[in-house]
Amino acid sequence: MNIILIGPPASGKGTQAKLLENKFGLFHLSTGELLREIVSHVNDIQSHDKSTNETESQLSYKIKSLIDKGQFVPDDLIIQLVKEKLAEIRSQKGVMFDGFPRTVAQAKELEKFTKIDFIFEIAVDRQTIVARALDRAKCENCGKDFILSQTNSLLCDGCGGKIVQRTDDTAETASKRYDEYLQKTYPIIDYFKNHEGYYKIDGKKSVGEVYHKICEIIEKI
Ligand code: AMP
């Protein structure tokens, strides 16, 4: 079973993807995470060994600056990364796509090599998105998610690691990412609207309510 979650940045896609991945035994493929791994891997190598390949560091620099500006990474690079990842995880029960596809070109390409069973649009307005982006953080060590307004410490209660915000979670970048979503990703909704398995979910509801709605739909079929 392959699932796509479509929604603006900070709409809760990542949180839902983690819950659904556990529930249905799917592989969670987040293109945002893949890109951040490339950037941090190249930075790590550079800090220990100056011999990093110039093409790799240029690519990493380009990716980081696009992410920090709230702009999309080119389709061909994303599609190549997704294909490589899918080849690596062939044995899994299915994939939970998080943040991919984000353009109609990516959606058309994905359909060529993957059967899509469910497409959930998580709908949330701009004001909520900006507020959520400013309030979310993660442990840089174990990846546990935190809501800053509900957290008293700057250290993770699970592993003691530092709780950090993403560099693109500023009010300006969150708003720009929302514009980018409306302009480039929203047309996917039109593209998929009549696809079997397409459902629109109210993403302003609580994490638990959104999760139960999605599970109810999947389990009904
Ligand atoms: P995310 O973690 O999904 O919010 O992604 C963070 C950033 O990575 C986005 O704002 C884009 O700059 C980039 N990105 C992630 N996935 C894609 C994609 N499918 N297409 C283009 N850019 C992407």
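Student: Not counting residues up to four places away in sequence, which residues does Glu180 touch?
Tutor: The model is a predicted one, and in it Glu180 lies in helix α7. Leaving out residues up to four places away in sequence, the residues that Glu180 touches are Gly70, Gln71, Phe72 and Thr185.

Student: Is Glu180 buried or exposed?
Tutor: The relative accessible area of Glu180 is 10%. Buried means under 20% relative accessible area. Because 10% falls under that cut-off, Glu180 is buried.

Student: How far does the backbone nitrogen of Phe72 lie from a polar atom of the side chain of Glu180?
Tutor: Phe72 is one of the residues that Glu180 touches. A polar contact requires a pair of N or O atoms within 3.5 Å. Between the backbone nitrogen of Phe72 and a polar atom of the Glu180 side chain, the distance is 2.8 Å.

Student: What separation do the C-alpha atoms of Lys176 and Lys69 have?
Tutor: Lys176 lies in helix α7 and is partly exposed, with a relative accessible area of 36%. Leaving aside neighbours within four places in sequence, Lys176 is in contact with Lys69 and Gly70. Although Lys176 and Lys69 are 107 residues apart along the chain, the separation of their C-alpha atoms is 7.8 Å.

Student: Which residue caps the N-terminal end of α6?
Tutor: Helix α6 (residues 126–135) has as its buried residues Thr128, Ile129, Val130 and Ala133, and what covers them includes β5 (136–139) and α7. At the N-terminal end of α6, a side-chain oxygen lies 3.2 Å from the backbone nitrogen of Gln127, and the residue that supplies this oxygen is Asp125.

Student: What is the N to O distance in the salt bridge of Glu109 and Lys112?
Tutor: Both residues lie in helix α5, three residues apart, or about one turn of the helix. An α-helix has 3.6 residues a turn, so residues three or four places apart point the same way. Glu109 counts as buried at 19% relative accessibility, whereas Lys112 is exposed at 63%. Their side chains meet in a salt bridge with an N to O distance of 3.1 Å.

Student: How many residues apart are Lys144 and Asp157?
Tutor: Lys144 forms a salt bridge with Asp157, in which the closest N and O atoms are 2.7 Å apart. The pair links distant parts of the chain, with Lys144 in the loop between β5 and β6 (145–147) and Asp157 in the loop between β6 and β7 (163–164), and the separation is 13 residues.

Student: How many salt bridges does the count come to?
Tutor: A salt bridge needs a side-chain nitrogen of Lys or Arg within 4 Å of a carboxyl oxygen of Asp or Glu. Asp117 and Lys115 meet this rule at 2.4 Å, and a network of salt bridges links Lys18, Glu33, Arg36, Lys138 and Asp145. By this rule the count of salt bridges is 21.

Student: What is the phi of Ala10?
Tutor: Most residues other than glycine have a negative phi, and most peptide bonds are trans. Ala10 sits in the loop between β1 (3–6) and α1 (13–24) and counts as buried at 9% relative accessibility. Although Ala10 is not a glycine, its phi is positive, at about 65 degrees.

Student: Is the peptide bond from Phe100 to Pro101 cis or trans?
Tutor: Pro101 has its place in the loop between β3 (95–98) and α5. With omega near 0 degrees, the peptide bond from Phe100 to Pro101 is cis.

Notes
Residues numbered from 1 in each chain as written. Predicted model: local features only at pLDDT ≥ 70, side-chain atom pairs only at ≥ 80, totals over all residues. Heavy atoms only, no water. Buried < 20%, exposed > 50% of the residue type's maximum accessible area, 1.4 Å probe, protein only. Helix = DSSP H or I, 4+ residues; strand = E, 2+ residues; numbered from the N terminus. Contact = heavy atoms within 4.5 Å. Polar contact = N/O pair within 3.5 Å; in protein donor to acceptor, adjacent residues only side chain to side chain.
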